[in-house]
Amino acid sequence: MSEEKIEQDTGSEEPSPHRLIGTLAVAGLLSGIIIIAIYLVTFETIKENKARELRESVFRVLPDATKMQKLLLKEGKLVVSYKEEKGEEPIYAGYDDNDKFAGYAIPSDGPGFADTISVLYGYRPADRKVIGMWILASRETPGLGDKIYKDAAFVANFDDLAIDPPIVATKKGKSKPNEIDAITGATISSVAVAKIINKGNAYWVSKLPEPGNEPAYEVPAAHTASSRAVDTQAP
Amino acid sequence: MAKEKLAYDEFMKGLWRENPVFVQVLGLCPLLAVTNSAVNGLAMGLASFFVLLGSSILVSLLKNYIPKQVRISCFIIIIATFVTVVDYSLAAAMPVIHKDLGAFIPLIVCNCLILGRMEAFASRNTLRMSVADAFGMGAGFLFALVALGAVREIFGVGELFGITLFGPNFEPWVIMILPPGGFITLGVMLLYFNWVEEKKNKIDKQLAAEDGVN
Amino acid sequence: MTQKDPKLLIQPGPQLRQQMTTPVVMRDVWYALTPATLAGIWFFGLGALLVLLTCIAGAVLTEWYFAPEEKRGYYIGDGSAILTGWLLGLTLPPALPLWMAFIGGVVAVGIGKTIWGGMGANIFNPALVGRAFLLATFPIAMTTWTAPGDFFTLSSSLFALPLMQSTVDTVTQASPLGLMKFEQIDTPFVDLLFGNTSGSLGETSGLLLILGGIYLWWRRDLDWRIPVGILGTAIIFSSILFLVDADKYPGPIFTTFAGGMLLGAIFMATDPVTSPLTKKGTWIFAVGIGILVVLIRVFGGFPEGIMYAILLMNAATPLIDSYTQPRVFGRELDSK
């Protein structure tokens, strides 16, 4: 009923196809302009948020680190990278205040109880140990599986953990340097985290340079707009 | 003066009498998906509120320039634009909440409540009434989201807006923050609204009968 | 019990043959459950009795509250709410906090039965709805099993304040199914037969459950096809797996006697409201449960599978019924 009224208002029986296309084009154009505008306005902040989140995660799994840089594997060698590259598989190197190497932060993921779990863990090649673990993303059961990051005691399992032989989650109380205590009621999630770290180790450890030959910390150049641009620790 | 009353009426209609969730049972996908805490419900509610209000204003203003053959496409373009604005703004201003809500912010585009109000109301009414309607429906949706989120958070983790209610020994009702908890809570709330409605109808009938007698 | 020979069954019309009313059937089931229940109380102590009574109280109060005012006496009197609470109680860990048991009873009758329209209208077995809710809500408390212990010792976990956590102070022990699934430890058959193992308070004594089943069958309250179908399928299926790899998969005897298999097969799957009406349908239903139980137990994430197996087949019951309707005489196969 009211539709008829609108038609009378516009004063036309059947609008021409040109008018229909024109209306949609104008609407699309305006919408596009607004979306580009909001994208430009928020772009830097969103990028900064993401970079900050990453930095915080890296420092969390590498307790001594206060600076970090991204490393990419190129022709079998780890090189420092500032740019976002398509399909990159980065790891991150952390350094302390004196630019001394503090460990690698290695992302890895694998199936959990519900959906994929993304893990970032700190690895120190000198003594072949995992020195920290943080869950980047997971959809584990609230109240049970989510203890893999909410339960401080479980996270502390990974503060000093040998990687040979591969990490094992046990329900009987850990007794060996490569064991972690599984969470009661969330065994599958606990085992998943251990497996994910083992997977990361299997891929990365052989590719890392000899201990002592880690890439040195490079003072961020002014032109780099990567995640390090907001790193304020540089001298 | 009559107008004043009507606008208020449109507002109350959305907030309570024709509440989009509890009475019209619309927009359940975001409702069930994100309400595992009151804060998430609030954020989602505000985002939807903003989109609904903005789109209502635009659609109401432009209703005479949009040919009816392409109206749905135009509504969607308008809604999608507002949703994108909300999505980017949230990501910039509140990254934590943005991460929690995940894919459900972009999905506001296909919230049938919003498109429904455009088609059923904003495209046929004056700006003033459309704004009142958007305020009412938006507030009604917000109210439902927060109510559901609050109940689920209280039982599911023993907190409300992140404030611990029962002390450290609280036994969480895990199911409440899982999807089934959303369905159960919503079901109980719908039950309550229907019960109130039925009771009201009974009383109305009784009154009418008494009137008839007198 | 005037009619002894089922071959003389005449289909149409109501015939006066016996007092097969709901209260009579319900009471038969009570009697059948009593031995296994007493055994549970004997093994797990007075605490088990408290859990059971609390479940029944929750179920009965809910039934009473939602029943129409003038019919409350009748609703309680048919004994179905008491049976629902009782069956639910039998599936719970003996040291479950009482407030959780109460909520289980409320959910079992409230969401399991009343919401569908009351007695006879529910799709799912109410007691199992209550248990499924509790398991999803309090997963840790619902999988904390206590070992059979002293009769008069009451675990402090029973008296946890409402909404509060509990700590079990008596000896906890993984159930036979948990031991099998996570540590590949077998439980002696004698313990499984008589019930001297940890587990839900009414499921442990295989022998007494079978006795109860035989009593119900003798009283014709029970469709023998369901338990026979479930157990037969599970035994065949688990035997095949056992023959494939005896170290990895539990044998047929363990499958039958461990966990809630007998309790579920005899007392829960046979609920006439939630099982198919036709003979053919009943067989499909029973075989489905048997396969699902073994699948869930052996390949799933949970050590126990009988509850979900029955609930899933409950959901399939209307479908089974509609496919197994006998053809009306004189009609084409595909018309209704």
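Local features are described only at pLDDT of at least 70 and side-chain atom pairs count only at pLDDT 80 or more, while totals for chains, interfaces and linings use all residues. Residues are numbered from 1 along each chain as its sequence is written, and chains are lettered from A and ligands numbered from 1 in the order in which they are written.

View 1. Chain A has five helices and nine strands. Helices (H or I, at least four residues) and strands (E, at least two) are DSSP runs, numbered from the N terminus. In sequence order the pattern is α-α-β-β-β-β-β-β-α-α-β-β-β-α. Of the 235 residues in chain A, 34% are buried. A residue is buried if 20 or more other C-beta atoms lie within 10 Å of its own, exposed if 12 or fewer, and partly exposed in between, with C-beta atoms placed from the backbone. Among contacts in chain A with a separation of 6 or more, 56% come from residues 24 or more positions apart. Two residues are in contact if their C-beta atoms, placed from the backbone, lie within 7 Å.

View 2. The average pLDDT of chain A is 78, and 86% of the residues score at least 70. pLDDT is the predictor's confidence in each residue, from 0 to 100. H2(A) has the highest mean, 89, and H1(A) the lowest, 44. Residues 1-11 of chain A stay under 50 and have eight contacts beyond four places in sequence. Residues 222-235 of chain A are also below 50, with 20 contacts beyond near neighbours in sequence. Where pLDDT is low, the predicted coordinates should not be read in detail.

**View 3. Chain A meets chain B.** This contact takes 27 residues from chain A and 26 residues from chain B. On the chain A side, helix H1 (2-10) and helix H2 (17-61) are the elements that give two or more residues. H2(A) gives the most, with 16 residues. By class, the chain A side has 12 nonpolar, 10 polar and five charged residues. Ala, Val, Leu, Ile, Met, Phe, Trp, Tyr, Cys and Pro count as nonpolar, Asp, Glu, Lys and Arg as charged, and the others, Gly among them, as polar.

**View 4. Two helices of chain B pack together.** Helix H3 (residues 38-62) and helix H4 (residues 71-93) of chain B pack at an angle of about 145 degrees, and their axes are 9 Å apart. Axes are lines fitted to C-alpha atoms, for helices over the stretch in contact, and angles run from 0 to 180 degrees between N-to-C directions. The crossing of H3(B) and H4(B) is right-handed. A crossing is left-handed if the near helix is turned anticlockwise from the far one by less than a right angle, and right-handed if clockwise. H3(B) contributes residues including B:Phe50, B:Gly54 and B:Leu58, and H4(B) contributes residues including B:Phe75, B:Phe82 and B:Leu90. The contact holds 12 nonpolar, two polar and no charged residues.

**View 5. An aspartate sits in H4 of chain B.** B:Asp87 lies in helix H4 of chain B. B:Asp87 counts as buried because 20 C-beta neighbours fall inside 10 Å. Beyond four places in sequence, B:Asp87 is in contact with B:Ile105 and B:Pro106.

**View 6. Two loop residues have positive phi.** A:Asp99, a residue other than glycine, has phi near 65 degrees. A:Asp99 is in the loop between strand E3 (91-95) and strand E4 (101-111) of chain A. With 16 other C-beta atoms within 10 Å, A:Asp99 is partly exposed. Phi of B:Phe161 is near 50 degrees. B:Phe161 is in the loop between strand E1 (159-160) and strand E2 (163-164) of chain B. B:Phe161 counts as exposed because 12 C-beta neighbours are inside 10 Å.

**View 7. Chain C is helical and touches chain B.** Chain C has 14 helices and zero strands. Buried residues make up 50% of its 336 residues. Eight residues of chain C contact nine residues of chain B. The chain C side has six nonpolar, two polar and no charged residues.
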